[in-house]
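Keep the structure open beside you as you read.

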Amino acid sequence: MKTNTKIYIAGHRGMVGAALMRRLHRAGYTNFVTRTSQELDLRNQAATAEFFAQEKPEVVLLAAAKVGGIVANNTYRGEFIYDNLLIQSNVIHNAYVHGVKKLLHLGSSCMYPQLAPQPIGEAYLLSGPLEPTNEPYAVAKIAGLKLCEAYRAQYGCHFITLLPTNLYGPGDNYHPEHSHMVPALLRRFSEAVALEQPNVEVWGTGTPRRELLHVNDLADACLYLLRHYDEAGPLNVGTGEDHTIAELAELIARLTGFEGTISYDHSRPDGTPRKLLDVSKLHALGWHHRIGLEAGLREVLASAEWWSATGALFNPASPAPWNAERPRRTNMAWPASIRRHRPAAS
């Protein structure tokens with residue numbers, strides 16, 4: 001892939017799309033075509049066809065999707081399956097029609113059965129029932145994979161599908177109800193520190209195990225696989241390591257300076273008991289993750305983006321959310337972890 005190859009990143013302002021843009025820029029790629037969802041609704045078949053006819057990208061990175069945490073997936077079930085089916089169908093079909101040389105479709109580890117053997121190898125796809133709370137999203141992503149496989153089989157298209165594990169990092173969503181697990185816990189523990197709360201309640205039992213991958217590592221893997229991988233079927237992208245929710249909560253408590261107690265709300269759903277990907281095929285291709293979990297979380301807490309998104313938790317009156325001279329409460333001491341992580345004001 002030449003550095004002047006015309007690359008369309010669908011979803012370039014999302015967490016994954018932005019990471020892909022950063023990684024490609026660092027690698028010297030310069031010829032990008034992008035559209036916001038306001039400029040191009042990928043659910044619109046005619047608009048998507050017109051875009052491809054006009055722009056004629058050579059490579060497509062399909063990172064556009066309707067995504068959310070366990071509550072959003074379970075609440076907006078119709079939207080999650082409908083929107084994602086339309087987005088994938090329109091982009092993948094028009095990539096074929098307009099002669100795209102390579103397409104990378106990003107699936108999800110939630111496409112695997114709820115009780116798949118661990119670690120989950122690519123062969124376990126469609127071997128059992130899906131996890132109920134995110135089944136509509138998973139079904140849509142499986143359909144995207146099967147579209148890529150079918151177009152490869154019938155038309156010879158070079159379309160690949162990667163299945164990333166759970167992601168965290170720059171560009172995450174810190175909404176108190178609609179965020180994924182890591183940003184939700186980061187926000188919850190930070191709120192507890194800011195408000196001097198003695199307890200943090202975590203959804204579920206704390207026993208499920210999760211694998212976590214920094215989004216910058218995923219972007220690096222995508223670039224590597226664009227250059228070195230061209231096969232039908234899914235390919236797992238992860239770390240090959242997992243942790244219980246309780247272990248993750250304890251780590252985030254330590255990194256945010258929370259010194260209270262942690263309780264677990266057993267009335268909330270746990271989701272899949274364990275979801276660890278078998279990344280032996282990925283390792284055999286020559287790619288390994290670089291960012292460890294604690295280092296990655298420290299990076300998030302040290303980022304200006306984190307403080308911009310959550311600074312009001314600590315000081316709603318200050319234009320600089322990391323202004324340690326004006327804490328939220330006059331009797332509140334800023335924890336050492338926050339003083340250590342906060343970036344310098346510019």
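Is the crossing of H2 and H4 right-handed or left-handed? The crossing of these two helices, H2 and H4, is right-handed; a crossing is called right-handed if the near helix is turned clockwise from the far one by less than a right angle, and left-handed if anticlockwise. Before going further, please note that this is a predicted model, in which local features need pLDDT of at least 70 and side-chain atom pairs count only at pLDDT 80 or more, while totals for chains, interfaces and linings use all residues. Residues are numbered from 1 along each chain as its sequence is written, and side-chain values use heavy atoms, leaving out hydrogens and water.

**Two helix pairs**

Helices (H or I, at least four residues) and strands (E, at least two) are DSSP runs, numbered from the N terminus. Axes are lines fitted to C-alpha atoms, for helices over the stretch in contact, and angles run from 0 to 180 degrees between N-to-C directions.

| Helix pair | Angle | Axis separation |
|---|---|---|
| H2 (residues 45–55) and H4 (residues 77–97) | about 35 degrees | 9 Å apart |
| H1 (residues 15–26) and H7 (residues 215–228) | roughly 60 degrees | within 8 Å |

By class, the contact of H1 with H7 has 10 nonpolar, 1 polar and 3 charged residues. Here Ala, Val, Leu, Ile, Met, Phe, Trp, Tyr, Cys and Pro count as nonpolar, Asp, Glu, Lys and Arg as charged, and the others, Gly among them, as polar.

**The cores**

How many residues does the largest nonpolar core have? It has 48, and Leu20, Leu61, Leu106 and Val237 have the most contacts inside it. A nonpolar core is a set of buried Ala, Val, Leu, Ile, Met, Phe, Trp, Tyr and Cys residues joined through side-chain atoms within 4.5 Å. Elements giving two or more residues to this core include H1, H5, strand E1 (7–10) and strand E10 (234–237), and the largest share, 8 residues, comes from H7. Leaving aside neighbours within four places in sequence, valine 237 is in contact with several residues, among them Leu213, Leu218, Val279 and Trp287. Apart from this core lies another, of 25 residues, including Tyr174 and Phe258.

Tyrosine 137 sits in helix H5 (residues 135–155) and counts as buried at 10% relative accessibility. Buried means under 20% relative accessible area, exposed over 50%, and partly exposed in between (1.4 Å probe, protein chains only). Not counting residues up to four places away in sequence, tyrosine 137 touches residues including Lys66, Phe80 and Cys110. Its C-alpha atom is separated by 9.5 Å from that of asparagine 74, 63 residues apart along the chain.

Glutamate 55 belongs to helix H2 and is buried, with a relative accessible area of 19%. Beyond its neighbours within four places in sequence, glutamate 55 contacts Lys6, Val33 and Arg35.

Histidine 266, in the loop between strand E12 (261–265) and strand E13 (274–275), counts as exposed at 58% relative accessibility. Setting aside neighbours within four places in sequence, histidine 266 is in contact with Gly204 and Thr205.

Note on methods:
Contact = heavy atoms within 4.5 Å.
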